[in-house]
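We will go from stop to stop, selecting as we go.

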Amino acid sequence: MESALEAAINEWHASVNEGDLERSAGAVGDPIVVLGPKGAGPITPEQFAGWVERSGITLHPRSWHPISERLMVVEEDATWPESKASTRVATVFRVADGKVTAALRLPDLKQALELAYICREMAATE
């Protein structure tokens, strides 16, 4: 049985991989916190949909690493329109109310897991 955390992350992947802008905006919270090679911070669902359109990225999950009830690290193979070869990356996802509220993409699984554990500990001490 798929958890609410997994369902939200699966919807995020499906909407991004299909390039469905309306669905992508609906899959994320307002705001969604993002981290990637071009920066970090909170953006609106509409800005997220704009990123989906501009980037043309696809992210195919390879391994799932539960961190807490709200946090999951997913190792993915990423591809972009200008490159046929995939790149292995990892994303820290945070979910609330059935939507992805953070997608923090890092270069590898080790870095993503380290960040996720820090986020979990910070949340536990609020």
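This is a predicted model. Step just past the end of helix 3 and you reach Gly-56, whose phi is positive, at about 65°.

Next, stay with Phe-48 and show the largest nonpolar core, a set of 21 residues in which Ile-9, Trp-12, Ile-32, Phe-48, Phe-93 and Val-100 have the most contacts. Colour by element here: helix 1, strand 1, helix 3, strand 4, strand 5 (83-96) and strand 6 each give two or more residues to this core. Helix 1 gives the most, with five.

Centre on Phe-93. Leaving aside residues up to four places away in sequence, its contacts include Ile-9, Trp-12 and His-13, along with Arg-70, Leu-71 and Met-72, and also Val-100, Ala-102 and Ala-103. Apart from this core lies another, of twelve residues, including Ala-90, Leu-104, Ala-112 and Ala-116.

For the last stop, select Thr-101 in strand 6 (residues 99-106). Is Thr-101 buried or exposed? Thr-101 counts as buried because its relative accessibility is 10%, under the 20% cut-off. Beyond residues up to four places away in sequence, Thr-101 touches Gly-29, Pro-31, Ile-32 and Val-33, as well as Arg-70, Arg-94, Val-95 and Ala-96.

Note on methods: Residues numbered from 1 in each chain as written. Predicted model: local features only at pLDDT ≥ 70, side-chain atom pairs only at ≥ 80, totals over all residues. Heavy atoms only, no water. Helix = DSSP H or I, 4+ residues; strand = E, 2+ residues; numbered from the N terminus. Buried < 20%, exposed > 50% of the residue type's maximum accessible area, 1.4 Å probe, protein only. Contact = heavy atoms within 4.5 Å. Core = buried A, V, L, I, M, F, W, Y, C linked by side-chain atoms within 4.5 Å.
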